[in-house]
Structures are given as C-alpha cells and as structure tokens.
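Please read the sequence alongside the model and follow the chain as the paragraphs below go from one part to the next.

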Amino acid sequence: MGVLEIPSILPLDISRPPQVFGDPDSPRARATGWDVLGSVPVPLRHMVRDGVASLVADLRHHGGPALKCCFPMGQGGTTPFQRLRHIRQLDAYPDMLVSAEGANLFNRAFHRRFVEGGEFCAAQPSGVDEVFTRAGLVDPKGWIGVFAVAPFVLLVDRERLGERPIPRRWADLADPVYAGQVVFGGWRAPGERRYGAVNTFFLHCMAHELGLGGLARILANVPCLLHSAQMPRLAGTDAAPGGIMVAPLSLADMCPRRHRTQIVWPEDGALAYPLWLTVKRSRRQDLTPLVEHFHGPELAALLNSNRYPALCPGQRPPMPAWAKLKWPGWDFVRDPESAAQAKAVRKLFLYWQEYWACG
C-alpha cells in the first residue's frame, strides 16, 4: 500500500464524428434483434463505440455480414439493458453482449436454461496477467469473459484527516476514528431525500468482506454520498463532504490538488469492477473479429491509458508491481444466497439513508 505514483491520465479524443452502424432506423431502446449490444463506462463510450463501428464497417466492406449493433450513449430514457431481464427466449437475446452494468444481466430462468445450459461462452483468451487470475476474474465456468476492470481506490485528503492515520485497508473505513469522513458514490435530485443512484458495488463488496455489521460501521462514518464525477473536483477543497472518497481510479487520478490529496491503493486490493462480454456459442465463429477486438492490444492501449486495466493476453497492466485487485468472485455472484444478501444490504442502506436525511 502507498501513494499511487502514476503518470497523468491521457485525455480521450472524441473529436471524430459518430459513425453509424447496424440499422440506423432501429429503435435504440429495444433489447432484441441485436448482433451486438454494448455498454462501457461513460468516459470510454464514444471511443469504444467508434472503434466497434469502424471494425464492423470494415468487415462489411470485405464481404462480411451487415451486423446490427447498439451502444446506448446515455441520452436518457429506458435503455436496452433495462429490458434484458424480461427476455425469455434465446433467439431474442443479443448474440454478443458487452457490459459494464453488473456481472449478471440474465433473469434466473434464462440463466438456468441457456447460460448454464451451455448456449453462451466467455471467449476469454488465455495468457492474462496473474494479477487478474489471482483476483478470480477469469470465469471458471467459461460463460463470461472479462476484458477490463474499473478499480475503485481511496482518494484521501491528508489535511482534512489531520491527526487521523491514512487508511491502509478497506476494513479501516469501519473504524470510528473516521466518523464523518467516508464518502462513496451516489446521486439524488435536488430536494429529494433518497438517492436515485448508489454505488451498490461498493456496498456489496464491503458486506462480502466485513459482513453486514462491518458495512453498518462504515455507513456510520458516512456524512453523505457524492456523484463520482464530483469527487475529483471537490477532493482537497473546503467544499468536500469528507476526507476519504471511494472513487474509480479513472476519476481519482483527475484530482488536480496533489499537494493536499493522494490516491491510496489499499493493501488488500483495489475493488475490481468488471467490464465483460459473452457470446452465443452458435455465433462465436462469426463474431470472432469483435471478440478479438475487445481482448486485443489496440483497445487495451485505450483502456490502460485511461485507468481501466485490460486483460490483454501477454500484457502486464500499468499498475504498481505490488498492487492487488479484490473481487467477490463468480461463485458469490451466482450463489442464490447472494440475492438474500443484496436485499439485506439494501435494507441496511435505506435505514442509513433515512438517518442522513434526518441529520
């Protein structure tokens, strides 16, 4: 553990005009009928979408099929990803799914019948760096293929902490010494009591790591939540609601006040939020160029330079040699008991949300 010393983040080039691919007249809110349906974190969307568009256009130019692809850009309204859980038939599901919206987007019946039945494959190439395999990110069942992760780290304001020690592990956030200091991602509309969006990944990771009691102690140290995009703007200023922010590395690295703040990569590992894909086994060969693109060196360079370590075979991600990644694991994600824990976590969070509103 220590101060994370890495070069400044590279700005994304979004100057190229959007490229149309697939069927331009298709309604973008639908989840059915797509050869490829994809989503990546907001800072990457334009470049990743345009890269896929260029590849698909090139394939068609050389006699390949005219693939129907959809990468929602976040213009508001219902997205195809919100409709995926309602799909019951295999032929209605996208042939290739690229996701940054949780590690499992299938409803239980569909998952049991088609995913566990062998209709989908990870298409995960071998040879990824051991930092990923040690964290359990390579699916042992071969259903889901992770191509990158978004690491969550701690953005710490040394001046704000004063005499308090800098946290070294995730469990440290439960120490009462950090009362009023711990802030994680969430957003609510002006005037609303409840948060419309919350970093549930952080909540579930802490519940998995420390139990509900440990999560409750962390929440007791939270003064409020803050949108992740605001964290680098406010960290190290008097306007910041706390001195410890749980932030994606891609945003934490944008904080300009390095004289007062530092990025801490916890000793037990940054929380690794997976970016993944899966492909219908029947279309695996047809979609090989796209699979290779998502696991290939060109996209890996873009991901790595913007602080999303890529699982590109044969490449060491740009992380400190001592750095670890932490993830609950595929067994936990798929365990039916995890649904019960999710309900308990939500109930606990709602309790503290009301407490913050009254405070």
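Which residue stands opposite Ile-244 in β9? Val-182 does. This is a predicted model, in which local features need pLDDT of at least 70 and side-chain atom pairs count only at pLDDT 80 or more, while totals for chains, interfaces and linings use all residues. Residues are numbered from 1 along each chain as its sequence is written, and side-chain values use heavy atoms, with hydrogens and water left out.

The chain has eleven helices and twelve strands. Helices (H or I, at least four residues) and strands (E, at least two) are DSSP runs, numbered from the N terminus. Of its 359 residues, 53% count as buried. Buried means under 20% relative accessible area, exposed means over 50%, and partly exposed lies in between, with a 1.4 Å probe and protein chains only. A contact means heavy atoms within 4.5 Å. Among contacts between residues at least 6 apart in sequence, 77% join residues at least 24 apart.

Strand β9 covers residues 244–248. Five of its five residues are buried, so the strand is largely enclosed by the rest of the structure. Ile-244, Val-246 and Pro-248 point one way from β9, and Met-245 and Ala-247 point the other way. Two strands pair if DSSP finds at least two bridges between them. Strand β9 pairs with β5 in the antiparallel sense over five bridges, and with β6 (residues 182–183) in the parallel sense over two bridges. Ile-244 takes part in both pairings: its bridge partner is Val-156 in one, and Val-182 stands opposite Ile-244 in the other.

Next comes the core. In soluble globular proteins, nonpolar side chains tend to be buried together. A nonpolar core is a set of buried Ala, Val, Leu, Ile, Met, Phe, Trp, Tyr and Cys residues joined through side-chain atoms within 4.5 Å. The largest one here has 111 residues, and those with the most contacts inside it are Met-96, Phe-294 and Leu-325. Strand β5 (residues 145–157) gives the most to this core, with ten residues. Leaving aside residues up to four places away in sequence, Phe-294 touches several others, including Val-48, Phe-71, Met-96 and Phe-147.

Met-96 is also one of the residues that Thr-278 touches. Thr-278 lies in strand β11 (residues 270–280) and, at 1% relative accessibility, counts as buried. A polar atom of its side chain lies 3.3 Å from the backbone oxygen of Cys-121.

At the start of α2, a side-chain oxygen of Asn-107 reaches to within 3.2 Å of the backbone nitrogen of Ala-109.

Two loop residues remain. Most residues other than glycine have a negative phi. Ala-123, in the loop between β4 and α3 (130–134), has a positive phi of about 55°. Arg-307, in the loop between α9 (297–305) and β12 (325–326), has a positive phi of about 70°. Ala-123 counts as buried at 15% relative accessibility, and Arg-307 counts as buried at 10%.

Note on methods. Polar contact = N/O pair within 3.5 Å; in protein donor to acceptor, adjacent residues only side chain to side chain.
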